[in-house]
Amino acid sequence: MSAVLEVSGLKTHFFTHAGVVKAVDGVDFTVSKGEVMGLVGESGSGKSITGFSILGLIDQPGRIVEGSIKFNGDEIANAPEKKLKTLRGNRISMIFQDPMMTLNPVLRVDTQMIEAILAHEKVSKQTAWERSRDALGLVGIPSPEERLQAYPHQLSGGMRQRVAIATAFLNKPDLIIADEPTTALDVTIQAQIIHEAQKLTKQTGTAMIWITHDLAVVAGLAERISVMYAGRIVEQGGIDDVIDRPLHPYTVGLLGSVPTANRRGKRLFQIEGMTPNMLALPKGCAFGPRCHARSEACNQQPPVENIDRRSLRCFNPQPAAKVVK
Amino acid sequence: MTVFIIRRMLQALLVVFLMSVIVFFGVNIVGDPVYMLVSPDADQADIEAAIARLGLDRPIWEQYWLFLKGAAQGDLGNSFIFGEPALKLILHHMPATMELAFSALILAIVIGIPLGLYAGLYPDSRISKGIMAASIFGFSLPTFWVGLMLIMLFAVELRWVPATGRGDLGSFLGFQSSLFTLDGLSHLFLPALNLALLKISLAIRLTRAGVREAMGQDYVKYARAKGLSTRRIILVHVMKNIMIPVVTVMGLEFGSLIGFSVVTETIFAWPGMGKLLIDAILQLDRPVVVAYLMIIVLFFVLINLIVDILYSILDPRVRLQDQGA
Amino acid sequence: MSDVTSDTALAAAKSAKVETPFQRFRAEFFESKIATVALGVFLIIVLLAILAPWITPQNPYDLAQVSVMDGRLPPGSEAFDGYTMWLGSDGSGRDLYSAILYGLRISLTVGLASGVIALLIGMAIGLIAAYAGGRIEAFIMRIVDLQLSFPASLVALMMVAALGKGVDKIILALVIAQWAYYARTVRATALVERGKEYVEAAQCLGISRSRVVFRHILPNCMAPLIVVGTVQTASAISLEATLSFLGVGLPQTEPSIGVLIANGFEYMLSGRYWISVFPGVALLLTVVSINLVGDHLRDVLNPRLRK
């Protein structure tokens, strides 16, 4: 499989007057054609910033300070705005968390879909309208002609997110970055949306980065998973390897804190401590202060190691850790 | 909808009635116009004759009742000074005021919105900081003082335009206005600019705040992620969102322009109803003062009523609530 | 949500530094050079006004000290009594520098007095509305909305038309024109606070209304009230000057800055600019400095705009 996206050594920092926030601090990953990768982490771990960095949508006071982002072999980190514009929404699309906030409230759905096509292709408005209508049909929206004339607030949350997904697929992109697209939705709607997204990636061969804090969502959707903590990927590998046999204590903790049906009555695992202060990260491994397996060595930054079909940043892997399922 | 309009109208009527009570009793408790109108060497009989003629010998509630009865028939009493009906006097002076206020509103929109847009898009540029500093001055400087400075600079020192008065009137489509002659425009320029200054600042601030808020919204980031041109993002996505509130507020300000024209008209000797009011206050010409204040109250109540109704029709979100969807 | 990541990180960063809210406020306020200078200018103006009797060459309203022979002298002329009139003199021979400082006393008194009284009344009414709730609150807010649909300048003008001239009447007119702004501010805070879950929770626990009003709403509306208060005081000063200029505010016997400017107006077209311009500059410095301070206060105290 050829790589659609290769990110290596990516660092995106925010230069605030309180200090430098290293929101993304040395992230490497690769997404292959048609592959779905889950990017998992708590809020504040830098997963959304990673997504925005790929699209070059980092606002002041932040910027990409180091690293490379290769899209289809082409370097796009800190590329000129003109070049990025031809990629955004065209080769790389993005789906946001809250469709209520992302669809412009005063513009009709058709306006917002058609403009996404016309920004990248010279086709007639009529053609663009027909493509928009077909795209809405594909994501399971009934009577798409009517929906096209609606304003966003006239649609339900799930419906709006379907519109966003349809818009993302409009130009048949190579990669879609979905930033917590189901977090704001009801669980039942969530399942439908995931199903639609999965179906479309299969049909079109589009690769996808699915950003979420919810391991349960990724488990059924992604082929590979990257777990982020405090701006770094701490564990990365095939979905089955990581979920069944997590090695990093943080991954172990995350998995342990997911409530499941066959664990009823048992106490949920809890990661002790709080998410770290990004301005004053602890020396060495950022997870150190919360880690039950920490040792002397953890005062140094653990390097990325490849063990057991995955890459890992930890001095004390937990191969024996039993995750109760 | 109809219920809403009727309720609003009843409220408006109540307001007008309450204000008539406040205005009438307030104005009629101050000063004694008789001593201004009767020559100092008049004897007691002359004074009493004058009092009887002006109806000042009756109890004040009876005077109010007569006033109310007259007001219902469009008769707000006769001016003590001119002996003419007060309403007629005011209506005669109204076109000049309207012309001034309207020109000022147009100036404010045409100058203020583009400046505000620029300041909102590039908040850190020097030009924007200059625009914002100027707008603080525009807010802080008392209108009358700016008027004096304008006269001194443009009329006394530079002699570009006349200092005071209204110029020749031209006729266009049956409207008589100084907008249609060169001499009229040259007389109109300074007072209109003077009156507009505060509203220009307001338009700048409203637009800038709106743009800055909109630029931080997810729908703008989403529009960028779709690869739209900056032009389209600003002109369609941002402007469409902020134009509704900005234009509504500016429209509401029309009433306040008419109120403020009192100052401008006095300085520039503009023969409008504001100058008439000040003259009437100074000469204790009560009927004219009462009539002016009643007209202004009516005017404001009407503007608010229209804006309320328009707003509920225009804003798609308000409209929807009304349909119960 | 797009910036959740950086926001939470920043919030965490903020809380890391341990400092009292007041210290942070002070530090952030003096971060702006413009606001610091403006505050300095305003304090100097206040000081000059207070010290006027001791630092001016004449009391411009003591007829014994004023000579008509000094009338309309340009800036820098020497007065009959021997001192220099740096800012010239007005039509009746008063030294403008002295007249301006004495005028500032009146203008500032009127502005501050009406500002403070309006704040107290508006706050009290706002709190009563918040405490009473229900119909009383709806009724009070209806009146507030109604009054706010008229510009303050117009309300003040209507009031002086009805009340007549004089310091007490002007203050009353300004209070009536401005109380509603404060009431609205209190009410806005009350709405926000009441919507918060802890207040709902507190009510479920049976905590009294007065506790919610005085412990939650009152402290939380102080910051916005201060901001509104600064801006409204500046506008009160400017409004008084406007009314006095129009001849419907203060009488000649209470010569505020506005009265001075009005007196100079007739000389303006004949080129004797100083009689109007210098009092005007004094007014401008006062109003602009207060507004600059208020503008910056708004930025510092408004958590939404805080970076």
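In what order do the four strands of the open sheet in chain A lie? The legends below, which describe a predicted model, begin with that sheet.

**Figure 1. The open sheet of chain A has four strands with antiparallel pairing.** Across the sheet, the order is β2-β1-β4-β5. Its edge strands are β2 (19-32) and β5 (74-75) of chain A, each of which pairs on one side only. Strand β1 (residues 3-16) of chain A runs antiparallel to β2(A), and ten bridges join the two. Within this view, A:Val7 stands opposite A:Phe29, a residue of β2(A). In general, the strands of a sheet pair through backbone hydrogen bonds, either parallel or antiparallel.

**Figure 2. A salt bridge joins the side chains of A:Lys11 and A:Glu66.** The N to O distance in this pair is 3.9 Å. Because A:Lys11 lies in strand β1 of chain A and A:Glu66 in strand β4 (residues 62-71) of chain A, the pair ties together parts that are 55 residues apart in sequence. A:Lys11 is partly exposed, its relative accessible area being 24%. A:Glu66 also counts as partly exposed, at 46% relative accessibility. Over all chains, the structure holds 26 salt bridges.

**Figure 3. A:Glu121 and A:Arg131 form a salt bridge in chain A.** The closest N and O atoms of the two residues are 3.1 Å apart. With a relative accessibility of 33%, A:Glu121 counts as partly exposed. A:Arg131 counts as partly exposed as well, at 23%.

**Figure 4. Chain B meets chain A through 20 residues of chain B and 28 residues of chain A.** Between them, the two chains bury about 2300 Å², of which 58% is on carbon and sulfur atoms. On the side of chain B, B:Tyr222, B:Arg224 and B:Lys226 lose the most area to chain A, together 28% of what that side buries. Four salt bridges are counted between chain B and chain A. In one salt bridge, the side chains of B:Lys226 and A:Glu115 meet at 3.0 Å, N to O. A network of salt bridges links A:Asp59, B:Lys221 and B:Arg224. Twelve residue pairs are in polar contact between chain B and chain A, with both residues at pLDDT 80 or more. The elements of chain B that give two or more residues to the side touching chain A are α9 (218-225), α10 (230-268) and α13 (316-323). By class, that side has seven nonpolar, six polar and seven charged residues.

**Figure 5. Chain B contacts chain C with 41 residues, and 40 residues of chain C take part.** About 3500 Å² is buried between chain B and chain C, 78% of it on carbon and sulfur atoms. In chain B, the residues that lose the most area to chain C are B:Phe144, B:Trp145 and B:Leu148, together 17% of what that side buries. One salt bridge is counted between these chains. The side chains of C:Asp295 and B:Arg205 meet in a salt bridge, at 3.4 Å, N to O. Two residue pairs are in polar contact between chain B and chain C, both residues being at pLDDT 80 or more. Among the elements of chain B that give two or more residues to this side are α1 (2-29), α7 (143-157) and α12 (286-314). The side of chain B that touches chain C has 29 nonpolar, seven polar and five charged residues.

**Figure 6. A salt bridge within chain B joins the side chains of B:Glu253 and B:Lys199.** The N to O distance is 2.5 Å. The pair links distant parts of the chain, with B:Glu253 in helix α10 of chain B and B:Lys199 in helix α8 of chain B, 54 residues apart. Both B:Glu253 and B:Lys199 are buried.

**Figure 7. C:Met141 is found in helix α5 (residues 134-148) of chain C.** C:Met141 counts as buried because its relative accessibility, 7%, is under 20%. Leaving aside residues up to four places away in sequence, C:Met141 touches C:Ala129, C:Ala183, C:Arg184 and C:Arg187. The C-alpha atoms of C:Met141 and C:Ala177 are separated by 16 Å, the two residues being 36 residues apart along the chain. Chain C as a whole comes to eleven helices and two strands, and 50% of its 307 residues count as buried.

Key: Residues numbered from 1 in each chain as written. Chains lettered and ligands numbered in written order. Predicted model: local features only at pLDDT ≥ 70, side-chain atom pairs only at ≥ 80, totals over all residues. Heavy atoms only, no water. Contact = heavy atoms within 4.5 Å. Buried area = accessible area lost by both parts, 1.4 Å probe. Polar contact = N/O pair within 3.5 Å; in protein donor to acceptor, adjacent residues only side chain to side chain. Nonpolar A, V, L, I, M, F, W, Y, C, P; charged D, E, K, R; others polar. Pairing = 2+ DSSP bridges. Buried < 20%, exposed > 50% of the residue type's maximum accessible area, 1.4 Å probe, protein only.
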